[in-house]
Amino acid sequence: MTEPVLDIRNLKVDFVTRRGVAHVLDDVSFSVAAGELLAIVGESGCGKSMTALSILGLIPSPPGRIVGGSILFQGRDLTRLRQSELRRIRGGDIAMIFQEPMTSLNPVFTCGEQIAEAVRLHQKVSPRAALARAVEMLRAVGIPEPELRARAYPHQLSGGMRQRVMIAMALSCEPRLLIADEPTTALDVTVQAQIFALLDELRQKTGTAIILITHDMGAVAEMADKVAVMYAGRIIERGPADAVLDNPGHPYTRGLLASIPRIDADPDADLPEIPGIVPALTDLGRGCAFAPRCALAVPACNAAQPHHVAMSRDHSAACIRLQANEVSA
Amino acid sequence: MTAPARTTVPAARGPMAEAWDIFRRSPAAMLGLLLLGLVILMTVAGPFLYQVDPFEIVWAPLTPPGEEATIPLGTDNLGRDILAGLIEGGRATLAVGFSAALITMLIGVVIGAYAGFYGGFVDDMLMRVTEFFQVLPPLLFAMVVVTLFQPTLINVALAIGIVSWPQTARLTRSEFRRIRTLEYVSAMRAVGAGDGNIIWRVILPNALPPLIVSATLTIGMAILFEAGLSFLGLSDPNVMSWGLMIGTGREYLLDAWWVVTLPGTMIFLTVLGISLVGDGLNDAFNPWMRER
Amino acid sequence: MSQLLSVRDLRVHFPTGRGGTIHAVDGVSFDIPRGQTLGIVGESGSGKTTTALAVMRLAPITSGKIDLDGIPISRIEGQELRRARPRFQMVFQDPFSSLNPRDRVGRIIRQPMDLLGLLQPPQRDARVEELLAQVGLRPELKSLYPHQFSGGQRQRIGLARALATKPDLIVFDEPVSALDVAVQAQVLNLIRRLQRETGLTYLFISHDLGVVRHVCDEIAVMYLGRIVEKASAARIFASPRHPYTQALIAAAPSLAPEHRRRGGGARLQGDPPSPVNLPPGCPFASRCPIAVNDCRSRVPTLRELAPGQAVACHLA
């Protein structure tokens, strides 16, 4: 077994709002090893982006606060580091790319300058060497004529090119961990496929661990080794991608997978729906947050948070009906 | 369906109700509202409670406040009652402030709305006109207007309105340009709504929040402007206003501080109140604008 | 089968401001039989949304003909156009910006009837409640404001607004792309159920192949303002003939076991070229894996390769 690059244990994040305390992240645990791709999947508001922000120490505070758990990155607990120490890690050992590459690049600097700047923040090199490194990175992410593109401003590039620049910037300091938050949501399908291919190639070449945050189960299938499914601030199922996709345990995961309109499904049948909507984090009961929408719910579901039940090696789901073996496998 | 049926309908909450909720949570904004309310109350109810003609000579000139029980705030250089002046003058000052803001909004919103909605040639033309007014030095232009015509309150308000509408026009234009591309505007077109309907009944109500903030601040600015013109002797000498009081009292500042300081304080408190309300409105409107 | 909507050689060109011309839609033709759904798929810049807006008469038509049940929609103006508007309505993409935040939901749904003078005014409120029930919302909710609803509920309200005029045709522009998957399924099922119950005809714009597969009878694939392939939904997924359609289907993320960890399955390099200055020849030639010289000089026209399947490719 390789030592995981990132190991999150029982992480809890609270938001204090006008309407009360929201447990934005509740008992979140997972780990990623070098060269591994973990997908965190869920609907909007489930806490997947908040997980990414807490790794980077970027939770808006107030109202947010880490109230428990640990984030072990290469053996160090990030929740105990000072902001100045975190800043050295951000963009260095841990890098992040975002959904909208237009707003995450500075419009008044050229792409080359921005990558070079990122390099010089974390490595002691001359400006000339940093710029050379920038061009090299642009080439590595498959940008044609990198010398020319290094001199281009972000608005002069297409969306796909800009996302490549973001990736180049993120990888310029050879991070051990790359967090990609919905990196292809703003892009066209054919361009999304290119970015996926690029991320896949890079992780194989450099051994960077990747956390892919997405709402798209298709993206999970295409990319992930491991999956964590989130609902209302908790991980309700996790395991190897194949196991979760082919043999989902939690009724929510099953519902989510079934409700995707698929090219290869019978188009005449109605899509299975999950009734209702995601609950507000401020009015969750003591029990399973999914219970009000769950077809399999029994009174006991509302009594206490369900524990994770092992379904197979490394595959588990948090559902008491699973314990009782009433969810057929 | 397994979802439990909710039996109660939540209360309808319009964007304005939400904004008021945020507004009233801000102590600064509520303080501003209180200040403004007190000033308005004073000018409206004052004449009934304190029936003294502000132009009448009632006592020895330059009597300090508190020296004579019947004249609590003293007299000016002509022996006129300062409290009466503050009460009566507040009316004129506020009237000029509000009507100047109204004129500013009327001109600015109409021009900005058409420029922003139609774009192209109409926009180019209207914006050139706007720029022409924007490069005029405001105080100088207002002075010219007031000297050329009679320095009546209406003319002062008009002069202030004419120099300050371009800002409003630009703000309105940018809001209209943003909102006209939103889908609910297309949805109205798809059901055959005409341009007039879309401009005034669909886009304008949605463009209002920043315009209300700007109108509020315009009132404060107009009050300062009026004071400035009065100070220079360019206001209606037959109507008592705070500016006029400062203007006539300025020569006695060193001997009788109250003649200038009291109306000055009133202006300060009023404009402060308006600014606080404006800031509060700005914050109140922002959150729901951010959620699109 | 009678064609409800018939579009012939539709062109929508915009000036760029720098003297160029954007060929947003460049010679598009299609028919939709009554009660059926045509899907238009494509990537950004393909002209699919502009086509929808032109059919709705919300984008200026440069040339071409649009007929709805015998009404020459592309050529009528003013009062005549207003009188025709009840017959074709639209559901928009963004559940947040498509409803006026200042209006109560009841008024939003009632407005089309008010503006187009449908029904007697006292009957309109009853109709609003009926419409809300039809899209699966409780009628009492009509007094609330849009921001009090979730994304999926707002799309239902948008659908109720479109149904208010009892249209023959509804144009959907990416109606579920802003919604979460679970909610998306609810809205898609509703859209299909309404068609089954009322015999509505749909023009359905989407970038998501799984979604169009689920709701459409026929599918047209657009690239740079042109239709490059058109066939029945079953046929286009079973045997796509245009290289672009093939690449699009290959790139669509899928749960199928053969897609696992294949890293995206990219077949196409580069981005779609800009529609400002179209290259001569086939618009797809610059990204096409099988393009030959002929492709760069001669524009392929849409020709029928099999019954009900038309492809614009020299090599297909």
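Biologist: Which right-handed unit do β7(C), helix α6 (residues 181-198) of chain C and β8(C) make?

Modeller: This is a predicted model, in which local features need pLDDT of at least 70, side-chain atom pairs count only at pLDDT 80 or more, and totals for chains, interfaces and linings use all residues. Residues are numbered from 1 along each chain as its sequence is written, while chains are lettered from A and ligands numbered from 1 in the order in which they are written. Helices (H or I, at least four residues) and strands (E, at least two) are DSSP runs numbered from the N terminus, and a crossover is right-handed if, with the strands pointing away from the viewer, the path from the first strand over the helix to the second runs clockwise. In chain C, strand β7, helix α6 and strand β8 together make a right-handed β-α-β unit.

Biologist: Which residue of β8(C) is the bridge partner of F172(C)?

Modeller: Two strands pair if DSSP finds at least two bridges between them, and strand β7 (residues 169-173) of chain C pairs with β8(C) in the parallel sense over 5 bridges. Within β8(C), the bridge partner of F172(C) is F204(C).

Biologist: In β8(C), what is the bridge partner of T37(C)?

Modeller: Strand β3 (residues 37-41) of chain C runs parallel to β8(C), to which 5 bridges join it. For T37(C), the partner in β8(C) is Y202(C).

Biologist: How many residues of strand β8 of chain C are buried?

Modeller: A residue is buried if 20 or more other C-beta atoms, placed from the backbone, lie within 10 Å of its own, exposed if 12 or fewer do, and partly exposed in between. T201(C), L203(C) and I205(C) point one way from β8(C), whereas Y202(C), F204(C) and S206(C) point the other way, and all are buried. For strand β8 (residues 201-206) of chain C, the count is therefore, by that cut-off, 6 of 6.

Biologist: Which helix gives the largest share of the side of chain A that touches chain C?

Modeller: Taking two residues as in contact if their C-beta atoms, placed from the backbone, lie within 7 Å, the contact takes 41 residues from chain A and 40 residues from chain C. At least two residues of the chain A side come from each of α8, α9 (217-223), α10 (241-246) and α11 (251-258). The largest share, 9 residues, comes from α8(A).

Biologist: What distance separates the centres of domain 1 and domain 2 of chain A?

Modeller: The domain assignment, whose bounds come from an automatic or database source, gives domain 1 (1-93 + 175-262) and domain 2 (103-174) in chain A. Taken over C-alpha atoms, their centres are separated by 25 Å.
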